[in-house]
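Have the sequence and the 3D view ready as you read.

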Amino acid sequence: AAPGLPPRINPTGQAALSTPGSGDVLAGWIGGWWAQALDGATSAELADLTARAALLHGLAAQALHPGGQALPAGEQPAAMANRIAARD
């Protein structure tokens, strides 16, 4: 959620992401995308990047471990990158 913008609900993710460091991976991915955003990005653009990162994080976990088995944080960045590559 961001001021003046409608809140978003992420329908992805599951127990596979309940591992130590998982939130750090997501925060790092968001920070990386924010750092790449053009100067002067609007709140809406930053909120969109944040929502996309959360969606990607959840989709990557669901693809690798559909049954909810733990996905160690060390494997999450590669899983997210692979998910992006699969869509290109």
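Begin with the surface: the protein chain exposes about 5,400 Å², and carbon and sulfur atoms supply 61% of it. Such accessible areas come from the Shrake-Rupley method with a 1.4 Å probe, and for residues only the protein chains shown count as cover. Please keep in mind that this is a predicted model, where local features need pLDDT of at least 70 and side-chain atom pairs count only at pLDDT 80 or more, while totals for chains, interfaces and linings use all residues. Residues are numbered from 1 along each chain as its sequence is written, and side-chain values use heavy atoms, leaving out hydrogens and water.

Now look at the overall build. The protein chain has three helices and zero strands; here helices (H or I, at least four residues) and strands (E, at least two) are DSSP runs, numbered from the N terminus. Its radius of gyration is 13 Å, close to the 12 Å that the globule rule gives for 88 residues, so the chain is as compact as a globular protein of that length. That radius is taken over C-alpha atoms, and the rule is 2.2 Å times the number of residues to the power 0.38. Along the principal axes, the C-alpha atoms fill a box of roughly 40 × 25 × 25 Å.

What lies inside? Of the 88 residues, 31% count as buried, meaning under 20% relative accessible area, with exposed being over 50% and partly exposed in between (1.4 Å probe, protein chains only). The largest nonpolar core has ten residues in all, including Val 25, Leu 26, Trp 29 and Ile 30. A nonpolar core is a set of buried Ala, Val, Leu, Ile, Met, Phe, Trp, Tyr and Cys residues joined through side-chain atoms within 4.5 Å. Helix H1 (22–36), helix H2 (43–64) and helix H3 (76–87) each give two or more residues to this core, and H1 gives the most, with four.

Next, zoom in on two residues. Ser 22 is in helix H1 and counts as buried, at 4% relative accessibility. Leaving aside neighbours within four places in sequence, Ser 22 is in contact (heavy atoms within 4.5 Å) with Leu 17, His 57, Ala 73 and Gln 76. Gln 69, by contrast, is found in the loop between H2 and H3 and is partly exposed, with a relative accessible area of 46%.
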